[in-house]
Amino acid sequence: MKELRLMKGNEALAEAAIRAGADAYFGYPITPQSEVIEYLMREDPARRTGMQVLQAESEIAAINMVYGAAACGKKAITSSSSPGISLKMEGISYIAGAELPCVVVNVVRGGPGLGTIQPSQSDYFQAVKGGGHGDYKLIVLAPATVQESVDFVKLAFELAFKYRNPVMILSDGIIGQMMEKVELFEQQPRSTHEYEWATVGKKEGRDSVIVTSLQLQSEEQEKVNLRLQAKYREVEKNEVRFETYECEDAEYLFAAFGSCARITRKAMEMARARGIRVGLIRPQTLYPFPYDDIRRLSEKVKGILTVEMNAGQMIEDVRLAVCGETPVEHFGRFGGMIPSPDEILEALEQKIIGG
Amino acid sequence: MTEEIIIAGFGGQGVLSMGQILCYSGVMQGKEVSWMPSYGPEMRGGTANCTAIISDRQISSPVLNTFDTAIVLNQPSLDKFEAAVKPGGLLIYEENGITRKPERTDINVFSITAYDESVRMNNTKVFNMIVIGGFLKVRPIIELENVIKGLEKVLPERYHHLIPLNKKAIHQGMEIIKERHSLNQA
């Protein structure tokens, strides 16, 4: 039976990891994400499912513990916030190169550097365009509610194992810290499946398995890259997810993700009350990005305003989607500042309607 | 019905838990709710606030810059949030520690002496429940029985014997809240 609770985004996400049948969590505390590891330590899931929870000595250690667990075919998850995710980037690139499944959660705070502990979306580029080295992609899910913080953990593990690829959940300080009603899915059993790619010990009749992201022969490394690229095309074909609001009669369009999409939706309601016909598209997957869907919607509108808690990152993908045929402008607050619905509405009026 | 509330005061006054209790009570009454705390340097420096939204409809933004109701428990919070109350909205302030009274005439203003009352009740920990009582008297958006159910959810079971005391505090709050300025008088 589904269970209704009032939970913080971070705590709900942690509970979802247990319920998704995760085998292990490795992490290191950092605001505004620390409730994830605090909840797991308090809940002691070893008691419930056998799931292991460990506070590593650093973020770098935590991601490499994830690498090790994933190499054994285990469901492993780690979480951090922006500066900590930067530390994890080397390991994430290795995991992507070794084609292993895992889930990495970034509860984004303002940067650059140590920045601020307040909410931000300034890690969009890092999540979507690389961050670590090499031609790799993360599947990136952007929850906008506490409910999605729960549902996307389950989805993230499914996608990670389907494509043998790391999946990032790009949350932020708002979604992590706020409390909302949430329906928890039922406890999933931990898997006992022995994947043929997993290093579980060479038994008789089993080929040896080598997990590595190193190929010194360029011909071989090019093959790895071609295989990765083919996989990413599959991901792009199958896994685009987004929501639209009031787009049917829209003359103008907002594009926003995560918590910012919530605030923008309020601005949309205010605009509609004034007779401005504006809709909203909210990508739930930032990679793969809904290019085709934005292009389709753009054909009916006079302009698009992206609203982000950064200096303009997702706007580049929206511009790629519309190929210069629809004006696209950006409104953002950054460094931990949160835009208000009034400001967003004013930006729409000045940059798009009056622009 | 949508009620957008900011609750602000010193850390330790129970600001964050007031918001949580209202939200849990809202859940018990079948409402949509959202609760967003301050978790930054302002909290570490002594003042804390949270936004609580209770609505019949799905809630869009959990973060707001204007509110239907501001519940302010110290002078810095009054200074910060008086201007953020929507015209026609509600401001409730705790009298203890307030040196400059609210000045707006386009909102309804109520005051409460919850701290003094909690001292009279021999338990300053029920301070925030007295304030909740005052709020619910002016804005009866949640039934008392659902507030009690909400408390049962928020409080660990070992504190459930304190629920009757909290209930009494809510009733006291309803008794002592005072109208300072109403739009009808203006």
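**Entry 1: Arg164 of chain A**

I began with Arg164(A), which is placed in the loop between α7 (146-163) and β7 (166-172) of chain A; helices (H or I, at least four residues) and strands (E, at least two) are DSSP runs, numbered from the N terminus. The model is a predicted one, in which local features need pLDDT of at least 70, side-chain atom pairs count only at pLDDT 80 or more, and totals for chains, interfaces and linings use all residues. Residues are numbered from 1 along each chain as its sequence is written, chains are lettered from A and ligands numbered from 1 in the order in which they are written, and side-chain values use heavy atoms, with hydrogens and water left out.

I noted a positive phi of about 45° at Arg164(A), although this residue is not a glycine. Most residues other than glycine have a negative phi, and most peptide bonds are trans. I then looked up the accessibility: Arg164(A) counts as partly exposed, at 26% relative accessibility. Buried means under 20% relative accessible area, exposed over 50%, and partly exposed in between (1.4 Å probe, protein chains only).

**Entry 2: Glu99 of chain A**

I next examined Glu99(A), which is also not a glycine and has a positive phi of about 55°. I located Glu99(A) in the loop between α5 (82-97) and β5 of chain A. Is Glu99(A) buried or exposed? I found Glu99(A) to be buried, its relative accessible area being 8%.

**Entry 3: cis peptide bonds in chain A**

I recorded a cis peptide bond between Gly111(A) and Pro112(A), with omega about 0°. Pro112(A) belongs to the loop between β5 (102-108) and α6 (124-129) of chain A. I also recorded that the bond from Tyr287(A) to Pro288(A) is cis, with omega near 0°. For Pro288(A), the place is the loop between β12 (285-287) and α11 (291-298) of chain A.

**Entry 4: strand β5 of chain B**

I turned to strand β5 (residues 85-94) of chain B, where seven of the ten residues are buried, so the strand is largely enclosed by the rest of the structure. On one pairing, I found that strand β4 (residues 67-72) of chain B runs parallel to β5(B) and is joined to it by five bridges; two strands pair if DSSP finds at least two bridges between them. Within this pairing, Leu91(B) in β5(B) stands opposite Ala70(B). I followed the chain from β4(B) through helix α3 (residues 75-81) of chain B to β5(B), a β-α-β crossover that is right-handed: with the strands pointing away from the viewer, the path from the first strand over the helix to the second runs clockwise.

I also found five bridges from β5(B) to strand β6 (residues 108-112) of chain B, again with parallel strands. Here Tyr93(B) has Ser111(B) in β6(B) as its bridge partner.
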